[in-house]
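Work through the exercises below with the sequence and the structure in view. Each task is followed by a solution in steps.

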Amino acid sequence: MSLSNLMGLLQQYANPGALSTETARQDFEQVSQAAPQQHLADGLAEAFRSNQTPPFPQMLGTLFSNSNGQQRAGILNQLLSSLGPGSASGILGSVLGGGSQLTPEQAQQVPPEAVHQLAAEAEKRDPSIVGAVSNFCAQHPGLIQTLGASSLALIMSHISRRL
């Protein structure tokens, strides 16, 4: 997709409130292939922080639920790096074991409710975790695409203002 085509597609998302979100998933797939990864990350961070979308812990729980083992481990390890293993051990219990990094196999054992708790705690302690998780998730645009159409429209609105 050329830059002019990308900009034309994104122009319709400049005001996401006035837009029908029926085609947001399709449009996001095209945008995610053409837009710089950092723009995706910044747009996702804006969606995580927006009062027009569910709270960060809930959205991250959705992404986690739709992730494979490797992605789950990546999400959890981002949260753990913000919290530290001592803080997370109460929520993760024996899954964490003695290490500070979870493997994909360990991450598969973690219920989405635990991710909600970890994300809420991490966001309280270190608000920059939203950006770190967004950067990780931007490496997996197909995962972001599992968010609701209104979240995708908000992400594309942000990208439209950046290009």
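**Exercise 1. The chain as a whole**

How many helices and how many strands does the secondary structure of the protein chain come to? Find also the share of buried residues.

Solution. The model is a predicted one. Step 1: the protein chain has 11 helices and zero strands. Step 2: read from the N terminus, the order of elements is α-α-α-α-α-α-α-α-α-α-α. Step 3: the chain has 163 residues, and 47% of them count as buried. Step 4: among contacts with a separation of 6 or more, 75% join residues 24 or more positions apart.

**Exercise 2. Helices α5 and α9**

Describe how α5 and α9 pack, and list the residues that meet.

Solution. Two packed helices are described by the angle between their axes and the distance between the axes. Step 1: helix α5 covers residues 69-83 and helix α9 covers residues 129-137. Their axes are 10 Å apart, at an angle of about 160 degrees. Step 2: angles over 145 degrees count as roughly antiparallel, so α5 is roughly antiparallel to α9. Step 3: the crossing of the two helices is right-handed. Step 4: on the α5 side the residues are Gln-71, Gly-74, Ile-75, Gln-78, Leu-79 and Ser-82. They meet Ile-129, Ala-132, Val-133, Phe-136 and Cys-137 of α9. Step 5: sorted by class, this contact of α5 with α9 has seven nonpolar, four polar and no charged residues.

**Exercise 3. Helices α3 and α9**

Work out how α3 and α9 are oriented to each other, and which residues make the contact.

Solution. Step 1: the axes of α3 and α9 come within 8 Å and cross at roughly 135 degrees. Step 2: α3 and α9 are therefore classed as oblique to each other. Step 3: the crossing of α3 past α9 is right-handed. Step 4: α3 contributes Gln-37, Gln-38, Ala-41, Leu-44, Ala-45, Phe-48 and Arg-49 to the contact. From α9 come Val-130, Gly-131, Val-133, Ser-134, Asn-135 and Cys-137. Step 5: the residues of this contact of α3 with α9 divide into seven nonpolar, five polar and one charged.

**Exercise 4. Helices α2 and α11**

Are α2 and α11 parallel or oblique to each other?

Solution. Step 1: helix α2 (residues 24-34) packs with helix α11 (residues 149-162) at an angle of about 40 degrees, and the axes are 9 Å apart. Step 2: roughly parallel would need an angle under 35 degrees, so α2 and α11 are oblique. Step 3: α2 passes α11 in a left-handed crossing. Step 4: in α2, the residues Ala-24, Arg-25, Asp-27, Phe-28 and Val-31 meet Ala-149, Leu-152, Ala-153, Ile-155, Met-156 and Ile-159 in α11. Step 5: the contact of α2 with α11 has nine nonpolar, no polar and two charged residues.

**Exercise 5. A pair of rings**

How are the rings of Phe-48 and Phe-56 placed?

Solution. Step 1: the count of aromatic pairs is one. Step 2: the ring centres of Phe-48 and Phe-56 are 4.9 Å apart and the planes are at 80 degrees, so the pair is edge-to-face. Step 3: Phe-48 is buried, with a relative accessible area of 2%. Phe-56 is buried, with a relative accessible area of 2%.

**Exercise 6. The place of His-39**

Is His-39 buried or exposed?

Solution. Step 1: His-39 lies in helix α3, residues 37-49. Step 2: the relative accessible area of His-39 is 12%, so His-39 is buried. Step 3: with neighbours within four places in sequence left aside, His-39 is in contact with His-158, Ile-159, Arg-162 and Leu-163.

Methods:
Residues numbered from 1 in each chain as written. Predicted model: local features only at pLDDT ≥ 70, side-chain atom pairs only at ≥ 80, totals over all residues. Heavy atoms only, no water. Axes fitted to C-alpha atoms, helices over the stretch in contact; angles between N-to-C directions. Helix = DSSP H or I, 4+ residues; strand = E, 2+ residues; numbered from the N terminus. Parallel < 35°, antiparallel > 145°, perpendicular 65-115°, else oblique. Left-handed = near helix turned anticlockwise from the far one by under 90°. Contact = heavy atoms within 4.5 Å. Nonpolar A, V, L, I, M, F, W, Y, C, P; charged D, E, K, R; others polar. Phe/Tyr/Trp six-rings, centres within 6.5 Å; stacked < 30°, edge-to-face > 60°. Buried < 20%, exposed > 50% of the residue type's maximum accessible area, 1.4 Å probe, protein only.
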